[in-house]
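My notes follow, in the order I looked things up.

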Amino acid sequence: MADAKLQMFENRLLKVYKHKNKLAKRQGIDCFRIYDHDLPEFPFCIELYENKIYLAEYLRRHGMDEEEHEAWLEKCIDIIRKIIEVKDENIYIKQRKRKTNRHDQYEKTANKKDFFVVEENGLKFLINLTDYLDTGLFLDHRITRKMVMEQSEGKRVLNLFAYTGSFSVYAAAGKATSVTTVDLSKTYIQWAEDNFTINLLKDKNKYSFIHADVKQYLKTLQPNSVDLVIMDPPTFSNSKRMKDFLDIQQDHVTLLNDVLHALSPNGVIYFSTNYTKFIIDAENIKASSIKDITKATTPFDFEGKLKRWCYKISC
Ligand SMILES: C[S@@+](CC[C@H](N)C(=O)[O-])C[C@H]1O[C@@H](n2cnc3c(N)ncnc32)[C@H](O)[C@@H]1O
């Protein structure tokens, strides 16, 4: 590829890095997204986790053979290293496939067990940049997590599709009376428990971790048994461990109505979805109010780039 294009990449990266780094420093944030597919010919997602860079390349038809592609990638990495100034061993590269089918979303990719700890708002989170497709902490929900913390005091909090339990940690730190963390993956439930442990959140009477299919789990809940719910499901899910598959466009009304059935009278649900074409079926959801808080929950490093929706739903 011509040097002019690489120069364009360098200029762009320098510009966005300077800008975002300044905003991050101002807000005391050490983990943020720097670049996301800003230039079509450089289809990277670049995130910073304190002193480590996560570089994911979206696969596309680039017309280069393997050797050419490797050489091109090396040049790009040189540029990234020059601008962001991290040590070689702190650059983690992932060739991230576009989600072509429903199965590959949460697959393991390696087995290095290379975990390290980062901090966000004084809380600790285990990150792994080598073994899974995602890192352990979804940076786009930084603001939503803080909202949850600020509203958790004295509440019974339920985190559905919890992944590594980052919302749960925030709720516990916000003095929730109880926090229940539910996910279908044993690995992620263990990761969530580990995140509690490193934050010294140890009260077994208050914190429970449930390995279950949310669809089935919701049917077991009693009315008025939860006050604050976070529900951040995948767009599709069809694990062998589930009775049937989940399609968020089709299933969100049932899921939300099941949660509303279990919610206390002043209860609130934070519902988020990454399905870009999502349309909320407000008419059929038995809530007193549904507020689109996508904009209010978009952090500076995702402005203009966010491909998810977020709603505050009240009982
Ligand atoms: C988008 S992630 C949730 C992200 C999380 N809210 C956060 O901010 O860290 C989706 C999670 O749903 C889990 N999952 C998928 N299908 C499920 C099901 N039927 N029941 C429970 N969990 C499920 C996956 O294991 C994954 O951890």
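Entry 1, confidence. I began with the mean pLDDT of the protein, since this is a predicted model. That mean is 93, and 94% of the residues reach 70 or more. I then went through the elements one by one. Strand β7, residues 156-160, has the highest mean pLDDT, at 99, while strand β4, residues 91-96, has the lowest, at 84. I also marked residues 98-107, where pLDDT stays under 50. For that stretch the model has eleven contacts beyond four places in sequence, and I will read them with care.

Entry 2, α1 and α2. How do I describe two packed helices? I use the angle between their axes and the distance between the axes. For helix α1 (residues 3-27) and helix α2 (residues 66-84), I noted an angle of about 30 degrees and axes 10 Å apart. Angles under 35 degrees count as roughly parallel, so α1 and α2 are roughly parallel to each other. Their crossing is right-handed. On the α1 side I listed L6, F9, E10, L13, L14 and Y17 as making the contact; on the α2 side I listed K75, C76, I79, I80, I83 and I84. Sorted by class, this contact of α1 with α2 has ten nonpolar residues, two charged ones and no polar ones.

Next I turned to helix α3 (residues 142-151), which packs with helix α4 (residues 166-173) at an angle of about 30 degrees, the axes being 7 Å apart. I noted a right-handed crossing for α3 and α4. R145, V148 and M149 of α3 meet S166, F167, Y170, A171 and A173 of α4. I sorted these into six nonpolar, one polar and one charged.

I stayed with α4 and looked at its packing with helix α5, residues 186-198. Their axes come within 9 Å and cross at roughly 30 degrees. Here too I wrote down a right-handed crossing, for α4 passing α5. The contact is made by S166, S168, V169 and A172 of α4, with A192, N195 and F196 of α5. This set has four nonpolar and three polar residues, and no charged ones.

Which residues are the closest to the ligand? I found F161, Y163, L184, D232 and S237, out of 22 residues that surround the ligand. By class, I have the shell down as 13 nonpolar, five polar and four charged residues.

Conventions. Residues numbered from 1 in each chain as written. Predicted model: local features only at pLDDT ≥ 70, side-chain atom pairs only at ≥ 80, totals over all residues. Axes fitted to C-alpha atoms, helices over the stretch in contact; angles between N-to-C directions. Helix = DSSP H or I, 4+ residues; strand = E, 2+ residues; numbered from the N terminus. Parallel < 35°, antiparallel > 145°, perpendicular 65-115°, else oblique. Left-handed = near helix turned anticlockwise from the far one by under 90°. Contact = placed C-beta atoms within 7 Å. Nonpolar A, V, L, I, M, F, W, Y, C, P; charged D, E, K, R; others polar. pLDDT = per-residue confidence, 0-100. Near = placed C-beta within 6 Å.
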